[in-house]
Amino acid sequence: MELELRHLQAVCRIAETGSLAGAARLLGVSQPALSAQLRRIERVAGGELFTRTPRGVLPTPLGEFVLSKAHRVLGEMEALAAGARAAAAGPLRLGSIVLVMLGALVAELDELLPGRQTTVDSEDSVTALIRLLGSGHYDAILYGEVNDHRTPLPPGVTARTLVAGEPFWIALSARHRLAERERVELGDLAGEQWMAMTSQDDGGPEALHAACTTAGFTPSLRYRIGDTALNRRLIAAGRAVAVFQPTAPATAGVVLRPLTGDPIRGRLTLAWQRRAVPAEEAGALYRAAARAYVAGLPNNPRYGAWWQEHPEVHPERT
């Protein structure tokens, strides 16, 4: 038997998960089948690659050597696949949660990736978006999660945080009794009719409910409507309040105000399949997303001032 890429991948997954059961789940095989495969690999390698401990399996010195070589070989193969795909000039398939920066991102991609066709699709589920990335339907995705919520990413994916802590602001009718305040106390919104957050699996609904509970009330979630224009008309009419991204475009009759203590924060992330997106292209994609986000700051000068005071949430420099 000769070692193949699938054998190297199996060894890496065992080391990453620290257990045969966890590695078997990631690889889509049964644990007995993976155990048998590991024994065959160890016969070729000339010794045990892992030792069992109360905390799981750990690499032996021979295992560490094989892992170092395996990571190098697999990395080269991923780079080869990514380079070949880019050379074939196939489209870069980007999936995204519906974010206010999406329109600007398309323009930035055209500038920073000239000659590279890009397709952009939107989804309303973070879980579905990540699953589609793992299956190869998308090459890269841009998505948001709220507070401490994190969705596991599939193997072969690299992720970079774009905005580390974007505070959600409250959207009110310009005629609302709190519209003139510089900052709104969440507890003062008890009794209002709320627009529910559209995505149900990014941690947003839980974060809103927890923040309102801490403020002493349970939000009355009267509306859950995917039509952004209708949402804003209802808010302008005073029929609802909602939490919005602070870079949302201005809407007649609607004002955005920060919440005291910033109890609800979003984290924007860019993730891509290493086998599909070369490192240089991934860097350009990240820069395009960063520039697209910053392009939305003039929509809300108050948030622009907050942004300047909080460099810790800014995109990384590339």
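**Reading burial, contacts and salt bridges**

Mentor: Leu5 is partly exposed, its relative accessible area being 34%, and as we read on, please keep in mind that this is a predicted model.

Trainee: Where does Leu5 sit in the fold, and which residues make a nonpolar surface patch with Leu5?

Mentor: Leu5 belongs to helix H1, which covers residues 5-17. Together with Val73 and Met77, Leu5 makes a nonpolar surface patch of about 210 Å².

Trainee: How should I read burial for the chain as a whole, and what share of the residues is buried?

Mentor: Of the 318 residues in the chain, 48% are buried, and the chain is built with 10 helices and 12 strands. For contacts between residues at least 6 apart in sequence, 73% join residues at least 24 apart.

Trainee: Which residues are in contact with Thr247 once its neighbours within four places in sequence are left aside?

Mentor: Contact here means heavy atoms within 4.5 Å. By that reading, Thr247 touches Val100, Glu166, Tyr293, Gly296, Leu297, Asn299 and Tyr303. Thr247 is placed in the loop between strand S10 (242-244) and strand S11 (254-257), and its relative accessibility of 2% makes it a buried residue.

Trainee: How many salt bridges does the structure hold, and what does the pair of Arg177 and Glu192 tie together?

Mentor: There are 13 salt bridges in the structure. One of them joins the side chains of Arg177 and Glu192, at 3.6 Å from N to O. Both residues lie in the loop between strand S7 (169-173) and strand S8 (193-195), so the pair ties together parts that are 15 residues apart in sequence. Arg177 is exposed, with a relative accessible area of 55%, whereas Glu192 is buried at 16%.

Trainee: What are the closest N and O distances for Asp188 with Arg181 and for Arg265 with Asp262?

Mentor: For Asp188 and Arg181 the closest N and O atoms are 2.6 Å apart, with Asp188 partly exposed at 28% and Arg181 partly exposed at 38%. For Arg265 and Asp262 the corresponding distance is 3.5 Å, and here Arg265 is partly exposed at 27% while Asp262 is buried at 15%. Elsewhere, salt bridges that share partners link Glu108, Glu111 and Arg291 into one network.

Conventions: Residues numbered from 1 in each chain as written. Predicted model: local features only at pLDDT ≥ 70, side-chain atom pairs only at ≥ 80, totals over all residues. Heavy atoms only, no water. Helix = DSSP H or I, 4+ residues; strand = E, 2+ residues; numbered from the N terminus. Buried < 20%, exposed > 50% of the residue type's maximum accessible area, 1.4 Å probe, protein only. Patch = residues over 30% accessible without salt bridge, like charges linked within 9 Å, V, L, I, M, F, W, Y side chains within 5 Å. Areas by Shrake-Rupley, 256 points an atom, 1.4 Å probe, with all protein chains shown as cover. Salt bridge = Lys/Arg side-chain N within 4 Å of Asp/Glu carboxyl O.
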